[in-house]
Amino acid sequence: MTQTVAVLGTGKIGEALLSGMIRAGWHPANLLVTARRPERAAELHTRYGVDTVTNAEAAKRADTLILAVKPQDMGKLLDELAPHVTSDRLVVSAAAGIPSSFIEARLASGTPVVRVMPNTPVLVDEGMSVISAGSHATPDHLAHTEEIFGGVGKTLRVPESQQDAATALSGSGPAYFYYLVEAMTDAGILLGLPRAQAYDLIVQSAIGAAVMLRDSGEHPVKLREAVMSPAGTTISAIRELENHGVRAALIAALEAARDRSRELASGNS
């Protein structure tokens with residue numbers, strides 16, 4: 001943790017990563033941040049004690065650059081960084097849909113690039129960050145990236161060819177669960193429960209189910225069958241989900257998310 005790391009574009013995800021690194025033991029003196037607005041830069045300096053710098057200065061001083069900008073801003077940022085980034089720097093991209101080849105082509109030849117797809121639960125240290133090596137990234141570069149993103153949740157290495165699928169599953173994944181909770185809350189109201197009570201029941205059930213999936217090691221089918229009794233309430237509900245094609249709809253939805261990720265990676269807006 002003696003290397004200098006710069007987070008460029010410190011929005012919600014960038015700030016979550018910054019705070020997670022500090023909790024994991026990184027010293028603020030080894031961290032740099034950039035922000036578009038001066039008042040935002042001052043806020044980050046006051047809150048975390050880190051130096052706020054320009055993008056060019058970050059490129060000159062940092063050993064690792066984490067690009068946490070929006071995908072549509074990546075080209076402009078790379079144009080700004082290119083004169084200052086030498087091939088001994090590690091560049092980590094957390095921008096959705098941007099392939100490592102796009103970044104490599106705009107920086108010095110041989111610059112190692114690692115592509116990461118985090119999801120929003122990094123804000124509560126329960127994120128899932130999917131990590132892929134670019135053409136010049138080594139196992140050490142991947143390990144270093146895992147050390148950084150491990151401060152805000154779990155990490156998983158995949159070939160970059162699987163990043164679009166991972167984006168569909170985990171990058172967009174939290175939204176699917178929020179959608180399900182919203183629908184179940186409405187159902188609870190229809191069944192006669194006050195909204196607040198229905199919401200509490202569903203959220204705690206979701207948390208408990210997630211912990212059981214994570215900690216038990218059991219297949220979800222086995223856990224589901226443990227809830228169902230013959231001719232009971234749960235199997236009646238599952239039958240209706242199957243009758244309405246919920247499983248098929250989920251598969252189609254994830255395929256659509258994967259395809260859209262591919263479109264974004266190819267530059268189709």
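Predicted model: local features only at pLDDT ≥ 70, side-chain atom pairs only at ≥ 80, totals over all residues.
Biologist: Which residues form a nonpolar patch on the surface?

Modeller: The patch is formed by L241, V246 and L250, which together have about 240 Å² of accessible area. L241 is found in helix 11, the helix made of residues 233-243.

Biologist: Is L241 buried, partly exposed or exposed, and why?

Modeller: A residue is called buried under 20% relative accessible area and exposed over 50%, with partly exposed in between. L241 has 42% relative accessibility, and therefore it counts as partly exposed.

Biologist: How many helices and strands are there in the protein, and what is the helix and strand content over residues 4-97?

Modeller: The protein has 12 helices and 8 strands. Residues 4-97 carry the UniProt annotation "domain: Pyrroline-5-carboxylate reductase catalytic N-terminal", from an unreviewed entry, and over this stretch the chain is 40% helix and 19% strand, with the end C-alpha atoms 26 Å apart.

Biologist: Which UniProt annotation covers residues 160-264?

Modeller: The unreviewed entry gives "domain: Pyrroline-5-carboxylate reductase dimerisation" for residues 160-264; there the chain is 83% helix and 0% strand, and the end C-alpha atoms lie 15 Å apart.

Biologist: What share of the contacts with a separation of 6 or more comes from residues 24 or more positions apart?

Modeller: Such residues account for 62% of those contacts in the protein.

Definitions and conventions
Residues numbered from 1 in each chain as written. Heavy atoms only, no water. Patch = residues over 30% accessible without salt bridge, like charges linked within 9 Å, V, L, I, M, F, W, Y side chains within 5 Å. Areas by Shrake-Rupley, 256 points an atom, 1.4 Å probe, with all protein chains shown as cover. Salt bridge = Lys/Arg side-chain N within 4 Å of Asp/Glu carboxyl O. Helix = DSSP H or I, 4+ residues; strand = E, 2+ residues; numbered from the N terminus. Buried < 20%, exposed > 50% of the residue type's maximum accessible area, 1.4 Å probe, protein only. UniProt positions renumbered as here; feature names shortened; annotations may be inferred. Contact = heavy atoms within 4.5 Å.
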